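Hello,

Here is the structure you asked to look at, with notes on what turned up in it. The notes follow the structure below.

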Amino acid sequence: VEVVMTEQPAGLEHLGRNIEVNRIAGVPCERVSAAALDWSDCAGEGLVGTEWDLVIGSDLLYAEQAVRDLPALFGRLAGPRTRVLYAHTLHRYDHLDVEFFKELQAIGLECHEVGDLPREDPEEFLQ
């Protein structure tokens, strides 16, 4: 399994350092790499032109420009064999949430609210 973690070009060096720190700490990261991904450039080259099995993202909406760029990117990455899973915390930026979900719907992507998961007892993880 190959894992490609992406970041805006300005944060790529930091992401690469984090992967290396985890590798040194013994986390199995041999097949993990970092790559720049500019959400506003969905021309179909590089990572956007690759057919992925799974695309995972979480809480990426924090700026006005992302309201259009992120759904467009998800639309380009989604394909017949590609599943896009995105976790979004509602009400962090209410004014962006509404527009973001409208954009997803406008390009034909489905959203399913899963709600809050039951909190686990932290003691279970210590056993």
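**Fold and strand order**

β1, helix α1 (residues 12-24) and β2 make up a β-α-β unit that is right-handed. Please keep in mind that this is a predicted model. Within that unit, β1 (residues 3-7) and β2 run parallel and are joined by 5 bridges.

The chain as a whole holds 4 helices and 4 strands. Read from the N terminus, the order of elements is β-α-β-β-α-β-α-α. Of its 127 residues, 22% count as buried. The accessible surface comes to about 9500 Å², and carbon and sulfur atoms hold 52% of that. Among contacts with a separation of 6 or more, 69% are between residues 24 or more positions apart.

**Helix α2**

Helix α2 (66-77) has 12 residues and reaches 16 Å from its first C-alpha to its last, close to the 16 Å expected at 1.5 Å a residue. Its buried residues are Ala66, Val67, Asp69, Leu70, Pro71, Leu73, Phe74 and Leu77. What covers them? The cover of the buried residues of α2 includes β3, β4 and α3.

**Aromatic residues**

A pair of aromatic rings is described by the distance of the centres and the angle of the planes. The count here is 4 aromatic pairs. One of them, Trp39 with Tyr62, is tilted, with 6.5 Å centre to centre and 55 degrees between the planes. This pair links distant parts of the chain: Trp39 lies in the loop between β2 (32-36) and β3 (54-58), Tyr62 in the loop between β3 and α2, and 23 residues separate them. Tyr62 is at 47% relative accessibility, so it falls between the 20% and 50% limits and counts as partly exposed.

Elsewhere, Phe74, Tyr86, Phe100 and Phe101 form one aromatic cluster. Phe74 is also among the buried residues of α2.

Tyr86 belongs to strand β4 and is partly exposed, at 21% relative accessibility. Which residues does Tyr86 touch, leaving aside its neighbours within four places in sequence? The contacts are Gly57, Ser58, Asp59, Leu60, Leu61, Leu70, Phe74 and Phe100.

**Backbone angles to check**

Most residues other than glycine have a negative phi, and most peptide bonds are trans. Two residues are listed here for a positive phi.

- Asp59, which is not a glycine, has a positive phi of about 50 degrees. Asp59 sits in the loop between β3 and α2, and with a relative accessible area of 26% it is partly exposed.
- His91, also a residue other than glycine, has a positive phi near 75 degrees. His91 sits in the loop between β4 (83-87) and α3 (94-106). His91 is exposed because its relative accessible area, 59%, is over 50%.

Regards

Definitions and conventions: Residues numbered from 1 in each chain as written. Predicted model: local features only at pLDDT ≥ 70, side-chain atom pairs only at ≥ 80, totals over all residues. Heavy atoms only, no water. Phe/Tyr/Trp six-rings, centres within 6.5 Å; stacked < 30°, edge-to-face > 60°. Buried < 20%, exposed > 50% of the residue type's maximum accessible area, 1.4 Å probe, protein only. Expected span 1.5 Å × (residues − 1). Contact = heavy atoms within 4.5 Å. Areas by Shrake-Rupley, 256 points an atom, 1.4 Å probe, with all protein chains shown as cover. Pairing = 2+ DSSP bridges. Right-handed = clockwise from strand over helix to strand, strands pointing away.
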